[in-house]
Amino acid sequence: MLEQSFWDEMNASGGDVRSVYAKIDAWLRETPPDVLSARRSQAELLFRRIGITFAVYGSKDASERLIPFDIIPRIISQSEWGLLERGLVQRVKAINAFLTDIYGAREILRAGVVPDDLVFRNPHFCPQMAGRRAPHDIWVHIAGIDIVRTGENEFYVLEDNARTPSGVSYMLENREVMMRLLPDLFAAHRIAPVENYTDLLLNCLRSVAPATAAREPVVALLTPGQFNSAYYEHSFLADRLGVELVEGSDLLVRDDVLYMRTTQGPKRIDVLYRRIDDDYLDPLAFRPDSVLGVPGVLNAYHAGNLTLSNAVGTGVADDKAMYTYMPEIVRFYLGEEAILKNVPTWRCREPDALAYVLDHLHELVVKEVNGSGGYGMLVGPHATREERAAFREKLLADPVNYIAQPTLSLSTCPTFVESGVAPRHVDLRPFVLTGANGSRVVPGGLTRVAMREGSLVVNSSQGGGTKDTWIIEDPDMRALASFSSQRSV
Amino acid sequence: MLARTADNLYWLARYVERAEFTARIIDITSRLAALPKAYGGASGAEWESALVALGAHERFRKTNEVADESAVLRFLVFDADNPSSIRYCMDRARANARAVRTALTAEMWQGVNSAWIEMLNIERAVAPFERMTRDRIDPALDAAKGMSRDFDGLAYRNMLRNDAYWFSRVGLYTERADNTARLLDVKYHVLLPETETVGGSLDYFQWTAILRAVSALTAYHWVYRESIKPWLIADLLIRKKEMPRSLVSCYDNLAGFVDAIGRAYGQQGPAQRHARAVLLRLENTSLDDVFKTGVHEFLSEFIEDNNKLGALLAEQYLLN
């Protein structure tokens, strides 16, 4: 098998400790493993008591599990973050412009930048929204953009999440837990705060309330309920936002206005932050068997009496096929080059790309455009000769349905595992909020870490863990010089 | 407030209170069962009567043959399908708390959640034993009482005095009134005025057990300053306002809290009127009246009235 080398965020590639990690490095050197271990147990206890769990479907015994939390923070410098932030805001701006266009004038299709069938045959394209505009032309109020790093200044977008991205509660709770567990290490860094996220979110949601709303618009958060895997996050956010956490059965639509049932009778809702998929939102418009949604809620939206956040139909912008066009989409609407790069992707629908992919099957990952969860996928370097041959046939039969990417060398971060401190692969999901007054990104995000050695799978459903993400001031070079000279004495 | 939230808060408080009551009943039952025969103990009927006090005897019969200590303890502590078991109450309390986390303080939620986690650990350690004994289940009783103490105290200390607090308190006092009434009802035959001559001192330990179950043994002596007379126990637990678990004290609270809801919402309704009527009746009933009506009949009527308050509240606030 191919021996790949990975870039480590603390040690670069086997070289000196990067300056942003100097204090972490020192701390790791002087802290014995049993102390780290004790801290980790404390953290687990805290998480369990607070109830930061996620549900695992179909298992009765451990129906609530903890996501493993790694106590070694992941560090990003302010200047690196500045670049990311600009790139993230740019990307979300383009996504909103794209959605306005796709459900409106469709100029990008007429210009031939994105093929028609990618939009119209897309399962997430929502015909009910065609010809409609979202309030303030903002469709995606909350976006979670997955970023991977491969080198010093090498950041790539792995995936855009423009529907109901989750994980922000971990960003906030991980920070609280770190402050309690490691106050000294925390104080030794100057870490940009994230705790104002929910205030920004509330402002953002209120700013997009419909014109018919009361002066103090009423916001509510719609959850599928206690048994949803992200229920903890829903209740956490509702609590921090100071809004009601509602379920479908708490809501009713009368005369195209959405109400919640309260002890004092029905009360109007102006903005619904829904954490439930399009398909289940309104049994009258989408899946008729859905009991999670609210009959008629889409009518209230169309009547201009309700803002849905995120809007309906945003999934067309965040799937694998559309992803490959993001650089072109940014250029088309903003007249700029994308600041954040895409992972290079070959679209097999294009003959040149197909030829390249067929020649390099042994080193590429080939994915079905609309597949998810690792189905219909070929991991070239790990596949047998026979599997590759079989996949070649599938590719030739229906090239439009496939894209291919190189196997990514995700960066690693020091992580506390059974055997001690060792490098493990990470990614990053920052959250971009967009309201009537522009976009904001809280400095930080959810760092997910693959706890198994060599694994690139960071998903919590497959044993991935999380880390706190610290955006710190760029280190003062002189102070660092004296710091390292002391250590070498 | 969301109607569902009010409902969850009400039931959360009820299940927390019920878990504690079950723990208390187990406590006094094992005390009685340990007495020698000559003192009225060891008749074998103590565990049966614990089931009756908790309204769980019929369900128990479905899955069990003999109501001995081991079987009853397992049923009352760990049976996840028995609505008065500690395990069931904790499960329901936590599920309700989880649904209304936003209406609770963080400490209150963590208190309920920690107790629930502790109960799972206790069950893992103890349930595999073939015989349940009082010793083995002791930590579960402590967990139930501790949860109730924390919940009650934290609600009192931390919660805003608004409808969330009032609905929660209404749940707590409704459950408490129900528990006291059932406890008295299952022992009413030893509380009749003539039992002193009939049963003599044999019943003494039954009487003190009742008082212990509601933490009222010391209170009794303070209030009456005489030896234990069964009719005075009935008086204490039905009519004495200074006794926190008495029916009249529970209704004093209930009437106050439903009134607070009515005032805050700017409207009085059937629930407020009903609570006040029940309170008035309790205040104006003499002990003689109770015995004339018949203790059992009086308590049955009270239990029905108490249930009716819950139904009226639901109609007025949850189903609109």
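Student: Before we look at anything, what counts as buried, exposed or partly exposed here?
Tutor: Buried means under 20% relative accessible area and exposed means over 50%, with partly exposed in between; please also keep in mind that this is a predicted model.

Student: Okay, so where does A:Asp137 fall, buried, exposed or partly exposed?
Tutor: A:Asp137 has a relative accessible area of 24%, so it is partly exposed. This residue sits in the loop that runs between helix H5 (116-120) and strand E4 (142-151) of chain A.

Student: And what about its backbone, what is the phi of A:Asp137?
Tutor: The phi of A:Asp137 is positive, about 55 degrees, although the residue is not a glycine. For background, most residues other than glycine have a negative phi.

Student: What is the phi of A:Asp256, then?
Tutor: A:Asp256, which is not a glycine, has a positive phi of about 60 degrees. That residue is found in the loop between strand E8 (251-254) and strand E9 (257-262) of chain A, and with a relative accessibility of 33% A:Asp256 counts as partly exposed.

Student: Switching to peptide bonds, which residues does a cis peptide bond join?
Tutor: The cis bond joins A:Ser309 and A:Asn310, with omega at about -10 degrees, and A:Asn310 belongs to the loop between strand E12 (307-309) and helix H12 (320-323) of chain A.

Student: Now the interface: how many residues of chain B are in contact with chain A?
Tutor: On the chain B side there are 22 residues, in contact with 23 residues of chain A. The area buried between the two chains is about 2,100 Å², and carbon and sulfur atoms give 43% of that area.

Student: Which three residues supply 32% of the area that chain B buries against chain A?
Tutor: Those are B:Leu2, B:Arg98 and B:Thr102, which supply more of that area than any other three residues.

Student: How many salt bridges does the rule find across the interface of chain B and chain A?
Tutor: The rule finds two, and B:Arg4 forms a salt bridge with A:Glu247, where the closest N and O atoms are 3.5 Å apart. Across that interface, 10 residue pairs are also found in polar contact, both residues being at pLDDT 80 or more.

Student: Which elements of chain B give two or more residues to the side that touches chain A?
Tutor: They are helix H1 (3-33), helix H5 (86-99), helix H6 (106-126) and helix H8 (163-186) of chain B, with H6(B) giving the largest share, five residues. By class, this side of chain B has 11 nonpolar, six polar and five charged residues.

Methods:
Residues are numbered from 1 along each chain as its sequence is written. Chains are lettered from A and ligands numbered from 1 in the order in which they are written. This is a predicted model: local features need pLDDT of at least 70, side-chain atom pairs count only at pLDDT 80 or more; totals for chains, interfaces and linings use all residues. Side-chain values use heavy atoms; hydrogens and water are left out. Helices (H or I, at least four residues) and strands (E, at least two) are DSSP runs, numbered from the N terminus. Buried means under 20% relative accessible area, exposed over 50%, partly exposed in between (1.4 Å probe, protein chains only). Contact means heavy atoms within 4.5 Å. Buried area is the accessible area (1.4 Å probe) that two parts lose on being put together, summed over both. A salt bridge is a side-chain nitrogen of Lys or Arg within 4 Å of a carboxyl oxygen of Asp or Glu. A polar contact is a pair of N or O atoms within 3.5 Å; within protein, one must be able to donate a hydrogen and the other to accept it, and residues adjacent in sequence count only if both atoms are side-chain atoms. Ala, Val, Leu, Ile, Met, Phe, Trp, Tyr, Cys and Pro count as nonpolar, Asp, Glu, Lys and Arg as charged, and the others, Gly among them, as polar.
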